[in-house]
Protein chains: 2
Amino acid sequence: MKAVEKLNVKTKEGKHICVGLDSDISRIPGILLNEKNPVTSFNKKIIDVTKDLAAAYKINFAFYESLGRQGFDALVETVDYLPDDVLIIADAKRGDIGNTSAHYAKAVFDELGFDAVTLHPYMGWDSVAPFAEYEEKLSFILGLTSNPSAGDFEKQILNDGKYLFQKVILKTGEWNKKGNLGVVFGATKLDELKNNFELLRDLPLLLPGVGAQGGSLREIKEFFSSVGKEDYIVNISRSLIFAGGGKDFEKAVELKMKEYHAS
Amino acid sequence: MKAVEKLNVKTKEGKHICVGLDSDISRIPGILLNEKNPVTSFNKKIIDVTKDLAAAYKINFAFYESLGRQGFDALVETVDYLPDDVLIIADAKRGDIGNTSAHYAKAVFDELGFDAVTLHPYMGWDSVAPFAEYEEKLSFILGLTSNPSAGDFEKQILNDGKYLFQKVILKTGEWNKKGNLGVVFGATKLDELKNNFELLRDLPLLLPGVGAQGGSLREIKEFFSSVGKEDYIVNISRSLIFAGGGKDFEKAVELKMKEYHAS
């Protein structure tokens, strides 16, 4: 199934949560640290108790790359373990030119088997094109991110009065000939989502910033419901996957997932 | 030795070439394909015949990540093999927020042992800060890149009349409190280097675009010599490492390296 179809099937069922597997080994329950690969074991438990309600899983590469080979193994084992019907996103924020970008696309899509990826826009179309050639995959371009210093460049105003991030979203719309591009848009401030909705309307959206970063899932759902947009997913990481700490940590995660889903 | 000191020692000796290990397995000599890890074997041969004249080596992560575990091994083995006195650059173009960025820095600097890294500026200071905390390392921020679609965003004009890439370079200068930040600046067009030199003067520079991409090393050297700037390196990849194809391919690479160095 095409990545965008996976997204559409889940979101039409009212499932909008992307479980962010930011599986920082320094924060996973101590009881798992004797396992062969603690991160893999942790992820499997998280997946088991969230998969019925999840639309997608997002693997944050930083937490795997920082563990070297052990992290690489955990990443591969996690992708293997994930169900086929959920969207599996490589949150790798790649971006490079031409032939180099083609090799990054090969790594993420062919070698590691992800359905989707996150990409930096800075270098322009050359850096996106090799990913866009994978018709059955989905590439989310960074639009507005949820961090305080998004103002440094993303919110610089161009000489036509637009913010840079608005230009990026406009360009992504123009580039989206094959219907396999989407946008990352920080969900910490609902007003910004509302103010930019016309730009975002026709693109699949990945919204980080809910949970530990302060965004409200309920408000986002209400807004999108009011405007009839369905193809969006909201990433929740730390406040979900680290909801429990003890022996039965996954029970707390399961409960938290249900709470978020029902919100 | 601090990364910036490694750079300064080599460049004061008149060595300015950064050997780009874009070691695409589909292009390395067939004679190596039966080796345990062909990419490692190729890189070792390249390093052997270039190290006396090289200022730095740049490992383009895409070509390693696209090979999965084999690529990961080649990357680690190549870093291990490189001499201690050359600057070893992770051309990984990372960029993410806060704690995630800290894990990317940990991966590149602590886990893999690189001296330097390339970074995307899009998300602003939050994404650079965790790298900048490594005082003894060096982080090159993408300023102007050498690809045709650099115009999509990098050359957008801001409402103060500056190009976005100029704003990025200005900010990099402001952020450079510890003297461990530099800039990537595409060297395909010498005029752009000249026109932006005042912005670039006080920052270590990594200049891609020479060789296959058309930039001239001689012209760059002449220009920097005329303005008294020494702390720059010029990346040369494909036109150098794939200079030879047969059994004695490294002889052609050695010759090419001497030619470039003398140019």
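Select helix α5 (residues 98-111) of chain A. This helix has 14 residues and reaches 19 Å from its first C-alpha to its last, close to the 20 Å expected at 1.5 Å a residue. The expected span is 1.5 Å times one less than the number of residues. Helices (H or I, at least four residues) and strands (E, at least two) are DSSP runs, numbered from the N terminus.

You are looking at a predicted model: local features need pLDDT of at least 70, side-chain atom pairs count only at pLDDT 80 or more, and totals for chains, interfaces and linings use all residues. Residues are numbered from 1 along each chain as its sequence is written, while chains are lettered from A and ligands numbered from 1 in the order in which they are written.

Stay on α5(A). Which of its residues are buried? They are T100(A), S101(A), H103(A), Y104(A), A105(A), A107(A), V108(A) and F109(A). Buried means that 20 or more other C-beta atoms, placed from the backbone, lie within 10 Å of the residue's own. Now show what covers them. The cover includes β3 (87-94), β4 (116-119) and α6 (125-132) of chain A, together with β2 (54-60) and α3 (62-65) of chain B. Contact here means C-beta atoms, placed from the backbone, within 7 Å. After the helix comes G113(A), with a positive phi near 80°.

Next, select I89(A). Among the residues it touches, leaving out those up to four places away in sequence, are Y57(A), F114(A) and V117(A). I89(A) is also among the residues with the most contacts inside the largest nonpolar core, which has 176 residues. Such a core is a set of buried Ala, Val, Leu, Ile, Met, Phe, Trp, Tyr and Cys residues joined through C-beta atoms within 7 Å.

Move to chain B. Strands β1-β2-β3-β4-β5-β6-β7-β8 form a closed barrel of eight strands with parallel pairing. Two strands pair if DSSP finds at least two bridges between them. Zoom in on β5 (residues 138-144) and β6 (residues 181-185) of chain B: five bridges join these parallel strands. One to find: F140(B) has G182(B) as its bridge partner.

Finally, show both chains. How many residues does each give to the contact? Chain A gives 44 residues and chain B gives 44 residues. On the side of chain B that touches chain A, the largest share, seven residues, comes from α5(B). The copies meet through the same surface, because 100% of the interface residues of chain B are also interface residues in chain A.

How values were computed. Buried ≥ 20, exposed ≤ 12 C-beta atoms within 10 Å, placed from the backbone. Contact = placed C-beta atoms within 7 Å.
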